[in-house]
There are 2 protein chains.
Amino acid sequence: MRILVVDDEEKIRHVIREYAEFEGYEVKEAKDGMEAISKCKEEDYDIIIMDIMMPKLDGFSAIKEIRKTKNIPVLMLSARGEEYDKLFGFEIGIDDYVVKPFSPKEVMARINAILTRVVKKEDEKSTEGKYIYQGLELDMLGRNVYVDGKKKDLTPKEFELLQYLIVNKNIALSREKILNEVWGYDFFGEDRTVDTHVKMLRNSIGKYRDNIITVRGMGYKFEE
Amino acid sequence: MRILVVDDEEKIRHVIREYAEFEGYEVKEAKDGMEAISKCKEEDYDIIIMDIMMPKLDGFSAIKEIRKTKNIPVLMLSARGEEYDKLFGFEIGIDDYVVKPFSPKEVMARINAILTRVVKKEDEKSTEGKYIYQGLELDMLGRNVYVDGKKKDLTPKEFELLQYLIVNKNIALSREKILNEVWGYDFFGEDRTVDTHVKMLRNSIGKYRDNIITVRGMGYKFEE
DNA sequence: CATAGTTCTCACTAAATTATCACAATGTTA
DNA sequence: TAACATTGTGATAATTTAGTGAGAACTATG
């Protein structure tokens, strides 16, 4: 398990590193939001521990940016008395927060709690059933799609593509990644094949066509 | 959906409130067992989140009292180090518990899990070995199938296939899965064998043939 | 061991799906 | 604005898939 610790105070990064490494985690550090973003582009982490107040780029903005491409769990560190920050944190979906000064043991306990939950969730994913957004309903088990209560017959690829976009909603996905995940690693066709299927999928889901956003120079994403 | 949060720490009540309200729940608070009991007398809640250690009246005693008149699901909060063996031994039937310090997202995940479970339970009605859909009757014990009151002689495989499809109705089943479950894991024949049996089964069940839906690129499902 | 019933494979057909291409439309940059 | 790059889309050919009939292989039973 890999952890990214983001804080401008060297002392804090150090303390968390000590404890986390003791529990067998691999730890990397960043000292501000900008650095965190670039580290996340380089490699994947299982969880990010991030301070809010930092030079260059604050924690919230960094998370917002990172979440555009990756859905990594986040534990926020906030200074005492910053209640409004918490509120904002809920909206961008942080997983937990700890108020400074904290006990390292408590931080580790929370990290462990988050990671067990995430692991469990991924187990359940395969059997998980339904996604509903306004009048768009995706029944993964029954392989049905309803638009405003009306059943739509999607082709297999259309269904799988929609499912993949929705499972990774709000995340920009490159054509390459989509091909790998939906078509499989053994597909060696054109990138643009994705475009054609997006076109057909858009036609199939009526007014929700606009929720499939084109991310220029990259690929597509489903946006709630 | 209405939630009652019972804890003597204002901070904890507040955190849960923020997350729960963000997810659309209506939240009320109580700061000890006595207050919880009186709140429950006033109005109904869909779930109670309750700490164990509280002044005036502890969580267990409060639940015991509330359960005398109402059967509300309960999520318990317990501090680390408290003997939660007690929870298991306890006869009052707690639905879940979370150890402090917890991640708010974890608590929400558990709340959601409990509530969906409760909703599902209410939907379920035991079928007792018999499945009836309109004029289609499947008697699992007697291994008989009736179509509009008329007995149909299915071959063993036809019966087992129909039974499997019906037990998993509204779920799209791959040919592979069907083979594994109906034929057994030691069958190494063709995928398409399933097709042939579906063909025969369809012919055997008259007008209900259309309830066996072909899921293109995947397999089949029985749809009510 | 003969027979009827059942199960499985195969080959063929019809139909649906998919991938690619060419060109149009749109966005971006110098 | 012109030149360029990227995405949208219609048409179409190639591929894949499911339905089915015929018959071989298998099984149980007397």
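The surface near DNA strand C is made up of six nonpolar, 10 polar and six charged residues. Here Ala, Val, Leu, Ile, Met, Phe, Trp, Tyr, Cys and Pro count as nonpolar, Asp, Glu, Lys and Arg as charged, and the others, Gly among them, as polar. "Near" requires a heavy atom of the residue within 4 Å of the strand. The model is predicted: local features need pLDDT of at least 70, side-chain atom pairs count only at pLDDT 80 or more, and totals for chains, interfaces and linings use all residues. Residues are numbered from 1 along each chain as its sequence is written, chains are lettered from A and ligands numbered from 1 in the order in which they are written, and side-chain values use heavy atoms, without hydrogens and water.

DNA strand C is surrounded by 22 residues. The closest are T155(A), H197(A), T155(B), W183(B) and T193(B). Helix 6 (156–167) and helix 8 of chain A each supply at least two residues of this surface, as do helix 6 (156–167) and helix 8 of chain B. Helices (H or I, at least four residues) and strands (E, at least two) are DSSP runs, numbered from the N terminus. Sugar or phosphate holds 87% of the DNA strand C atoms within 4 Å of the protein; the rest belong to bases.

Polar contacts (pairs of N or O atoms within 3.5 Å; within protein, one must be able to donate a hydrogen and the other to accept it, and residues adjacent in sequence count only if both atoms are side-chain atoms) were then listed. In chain B, a side-chain N or O atom of T193(B) lies 2.5 Å from a phosphate oxygen of DNA strand C. For T155(B), the corresponding side-chain distance is 2.6 Å. E190(B) uses a polar backbone atom, 3.0 Å from a phosphate oxygen.

DNA strand D is also surrounded by 22 residues. T214(A), Y220(A), R192(B), T214(B) and Y220(B) are the closest. Sugar and phosphate make up 50% of the DNA strand D atoms within 4 Å of the protein. The nearby surface has six nonpolar, four polar and 12 charged residues. Helix 8 (193–204) and strand 11 (212–215) of chain A each give at least two of its residues, and so do helix 8 (193–204) and strand 11 (212–215) of chain B.

Contacts to DNA strand D reach both base and phosphate. A polar side-chain atom of K199(A) is 2.7 Å from a base nitrogen. The side chain of Y220(A) has an N or O atom 2.6 Å from a phosphate oxygen. For R175(B), a side-chain N or O atom is 3.1 Å from a phosphate oxygen.
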